[in-house]
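Open the structure in your viewer and keep the selection panel at hand. The stops below go from aromatic rings to pockets.

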Amino acid sequence: MAKDKYPVTPAIRLLKQQGVAFEPHLYPYEERGGTRVSAAALGVEEHAVIKTLVMEDDLKQPLIILMHGDREVSTRELARQTGRKSISPCKPEVADRHSGYQVGGTSPFATRKVLPVYVEQSILQLPRIYINGGKRGFLVSMAPAELVRLLQPTPVQVAQAP
(Lines give C-alpha, C1' and ligand atoms only; values in the text may rest on other atoms or scores of the structure.)
Protein backbone atom coordinates (compact mmCIF):
# COMPACT_ATOMS: atom_id res chain seq x y z
CA MET A 1 0.00 0.00 0.00
CA ALA A 2 1.30 3.43 -0.88
CA LYS A 3 1.80 5.59 2.20
CA ASP A 4 -0.32 8.34 0.64
CA LYS A 5 -3.35 6.05 0.18
CA TYR A 6 -5.18 6.24 3.47
CA PRO A 7 -8.48 7.74 4.66
CA VAL A 8 -8.63 11.46 5.29
CA THR A 9 -10.80 11.60 8.40
CA PRO A 10 -11.42 14.60 10.69
CA ALA A 11 -8.64 13.16 12.90
CA ILE A 12 -6.15 13.08 10.00
CA ARG A 13 -7.07 16.62 8.96
CA LEU A 14 -6.38 17.80 12.54
CA LEU A 15 -3.06 15.91 12.76
CA LYS A 16 -1.89 17.44 9.46
CA GLN A 17 -3.11 20.93 10.42
CA GLN A 18 -1.23 20.71 13.75
CA GLY A 19 1.97 19.43 12.11
CA VAL A 20 1.94 16.08 13.90
CA ALA A 21 4.53 13.56 12.71
CA PHE A 22 2.47 10.39 12.26
CA GLU A 23 2.50 7.25 10.17
CA PRO A 24 -0.71 5.72 8.77
CA HIS A 25 -1.37 1.98 9.14
CA LEU A 26 -4.26 0.19 7.43
CA TYR A 27 -5.20 -3.35 8.45
CA PRO A 28 -8.13 -5.72 7.76
CA TYR A 29 -10.77 -4.78 10.35
CA GLU A 30 -12.50 -7.65 12.15
CA GLU A 31 -15.78 -7.17 14.01
CA ARG A 32 -15.02 -7.73 17.73
CA GLY A 33 -11.32 -8.33 16.90
CA GLY A 34 -10.16 -5.34 18.89
CA THR A 35 -6.57 -4.41 19.51
CA ARG A 36 -5.45 -8.06 19.37
CA VAL A 37 -6.22 -8.14 15.63
CA SER A 38 -4.71 -4.75 14.81
CA ALA A 39 -1.54 -5.46 16.82
CA ALA A 40 -1.06 -8.83 15.08
CA ALA A 41 -1.72 -7.31 11.63
CA LEU A 42 0.83 -4.54 12.22
CA GLY A 43 3.35 -6.76 14.01
CA VAL A 44 3.44 -4.62 17.15
CA GLU A 45 2.88 -5.26 20.85
CA GLU A 46 -0.79 -5.02 21.84
CA HIS A 47 0.38 -2.91 24.81
CA ALA A 48 1.36 -0.13 22.34
CA VAL A 49 -2.03 -0.17 20.57
CA ILE A 50 -4.19 2.37 22.39
CA LYS A 51 -7.95 1.99 22.75
CA THR A 52 -10.11 5.13 22.64
CA LEU A 53 -13.06 4.39 24.93
CA VAL A 54 -16.06 6.71 25.24
CA MET A 55 -17.63 6.51 28.68
CA GLU A 56 -20.08 8.58 30.70
CA ASP A 57 -20.44 9.52 34.32
CA ASP A 58 -23.49 9.32 36.59
CA LEU A 59 -24.71 12.65 35.14
CA LYS A 60 -24.47 11.22 31.59
CA GLN A 61 -21.50 13.53 30.85
CA PRO A 62 -19.25 11.85 28.25
CA LEU A 63 -15.49 11.46 28.52
CA ILE A 64 -12.70 9.61 26.74
CA ILE A 65 -10.25 7.25 28.40
CA LEU A 66 -7.19 6.07 26.46
CA MET A 67 -6.04 2.61 27.52
CA HIS A 68 -3.43 0.01 26.50
CA GLY A 69 -4.91 -2.59 24.17
CA ASP A 70 -3.99 -5.43 26.53
CA ARG A 71 -5.52 -3.81 29.62
CA GLU A 72 -9.00 -2.90 30.82
CA VAL A 73 -10.27 0.19 32.60
CA SER A 74 -11.27 -0.02 36.23
CA THR A 75 -14.33 2.24 35.97
CA ARG A 76 -14.58 2.37 39.76
CA GLU A 77 -10.98 3.63 40.01
CA LEU A 78 -11.51 6.07 37.11
CA ALA A 79 -14.56 7.52 38.87
CA ARG A 80 -12.58 7.82 42.11
CA GLN A 81 -9.59 9.52 40.44
CA THR A 82 -11.81 11.97 38.51
CA GLY A 83 -14.11 12.84 41.42
CA ARG A 84 -17.26 11.29 39.94
CA LYS A 85 -19.82 9.00 41.58
CA SER A 86 -19.62 6.42 38.81
CA ILE A 87 -18.42 5.91 35.24
CA SER A 88 -19.61 3.34 32.73
CA PRO A 89 -19.05 2.62 29.03
CA CYS A 90 -21.46 4.32 26.65
CA LYS A 91 -23.71 2.22 24.44
CA PRO A 92 -22.16 2.11 20.93
CA GLU A 93 -24.77 4.41 19.37
CA VAL A 94 -24.31 6.95 22.21
CA ALA A 95 -20.51 6.77 21.87
CA ASP A 96 -20.87 7.34 18.10
CA ARG A 97 -23.04 10.39 18.73
CA HIS A 98 -20.58 11.92 21.22
CA SER A 99 -17.42 11.26 19.20
CA GLY A 100 -18.69 11.55 15.63
CA TYR A 101 -16.89 8.27 14.87
CA GLN A 102 -18.14 4.71 14.57
CA VAL A 103 -17.22 2.40 17.48
CA GLY A 104 -14.21 0.38 16.33
CA GLY A 105 -12.98 3.47 14.53
CA THR A 106 -13.12 6.03 17.34
CA SER A 107 -10.23 8.48 17.38
CA PRO A 108 -9.63 10.87 20.28
CA PHE A 109 -8.69 13.56 17.73
CA ALA A 110 -11.29 15.94 16.25
CA THR A 111 -14.28 14.47 18.06
CA ARG A 112 -17.70 15.94 17.28
CA LYS A 113 -17.95 17.37 20.80
CA VAL A 114 -14.96 18.47 22.86
CA LEU A 115 -14.71 15.74 25.49
CA PRO A 116 -12.46 15.55 28.55
CA VAL A 117 -9.66 13.07 27.81
CA TYR A 118 -7.95 10.84 30.37
CA VAL A 119 -4.94 8.69 29.58
CA GLU A 120 -3.47 5.72 31.42
CA GLN A 121 -0.22 7.23 32.73
CA SER A 122 2.05 4.41 31.51
CA ILE A 123 1.01 5.09 27.88
CA LEU A 124 3.00 8.31 28.06
CA GLN A 125 6.19 6.30 28.79
CA LEU A 126 5.99 4.29 25.54
CA PRO A 127 8.38 5.25 22.71
CA ARG A 128 5.59 5.06 20.10
CA ILE A 129 1.84 4.49 20.23
CA TYR A 130 -0.67 3.19 17.69
CA ILE A 131 -4.04 4.90 17.98
CA ASN A 132 -7.18 5.02 15.85
CA GLY A 133 -7.13 7.39 12.91
CA GLY A 134 -10.92 7.75 12.78
CA LYS A 135 -11.97 4.72 10.74
CA ARG A 136 -12.25 0.99 11.34
CA GLY A 137 -9.08 -0.75 10.18
CA PHE A 138 -6.96 2.39 10.36
CA LEU A 139 -4.39 3.29 13.02
CA VAL A 140 -1.81 6.05 13.15
CA SER A 141 1.47 5.77 15.01
CA MET A 142 3.13 8.70 16.75
CA ALA A 143 5.12 9.73 19.77
CA PRO A 144 2.96 9.99 22.93
CA ALA A 145 4.20 13.60 23.31
CA GLU A 146 2.03 14.51 20.28
CA LEU A 147 -1.01 13.09 22.05
CA VAL A 148 -0.24 15.29 25.05
CA ARG A 149 0.35 18.36 22.87
CA LEU A 150 -2.98 18.01 21.01
CA LEU A 151 -5.32 16.65 23.67
CA GLN A 152 -3.76 17.72 26.98
CA PRO A 153 -5.16 14.58 28.60
CA THR A 154 -5.30 14.08 32.36
CA PRO A 155 -3.04 11.15 33.37
CA VAL A 156 -4.71 8.50 35.56
CA GLN A 157 -3.77 5.05 36.85
CA VAL A 158 -6.79 2.86 36.21
CA ALA A 159 -5.46 -0.08 34.18
CA GLN A 160 -6.27 -3.63 35.20
CA ALA A 161 -5.53 -7.00 33.64
CA PRO A 162 -8.40 -8.34 31.49
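A residue is called buried under 20% relative accessible area, exposed over 50% and partly exposed in between, with a 1.4 Å probe and protein chains only. The model is predicted, so local features need pLDDT of at least 70 and side-chain atom pairs count only at pLDDT 80 or more, while totals for chains, interfaces and linings use all residues. Residues are numbered from 1 along each chain as its sequence is written, and side-chain values use heavy atoms, with hydrogens and water left out.

**Stop 1: the rings**

Select Y6 and F22, which are both buried. Rings of Phe, Tyr and Trp (its six-membered ring) pair if their centres lie within 6.5 Å; planes under 30 degrees apart are stacked, over 60 edge-to-face, and the rest tilted. By this rule there are two aromatic pairs. In one, the ring centres of Y6 and F22 are 6.2 Å apart with planes at 85°, so this pair is edge-to-face. Y6 sits in the segment before α1 (10–17) and F22 in the loop between α1 and β1 (23–26), so the pair ties together parts 16 residues apart in sequence. Helices (H or I, at least four residues) and strands (E, at least two) are DSSP runs, numbered from the N terminus.

F138 has 0% relative accessibility and counts as buried; the value for Y6 is 17%. Ring pairs link Y6, F22 and F138 into a cluster.

**Stop 2: the largest pocket**

On a 1 Å grid over the protein atoms alone, a pocket is an open set of points where a 1.4 Å probe fits, with protein on both sides within 12 Å along at least five of seven lines; lining residues have an atom within 4 Å of a point. Grid points are joined across faces, edges and corners, and a volume is the space filled by probe spheres set on the points.

The largest pocket has a volume of about 1,000 Å³. Select K51, T52, L53, V103 and G104, the closest to its centre of the 36 lining residues. Then colour β2, which gives the largest share of this lining, seven residues.

**Stop 3: the second largest pocket**

This pocket holds about 180 Å³ of space. Of its 13 lining residues, P108, A110, T111, V114 and L151 are the closest to the centre.
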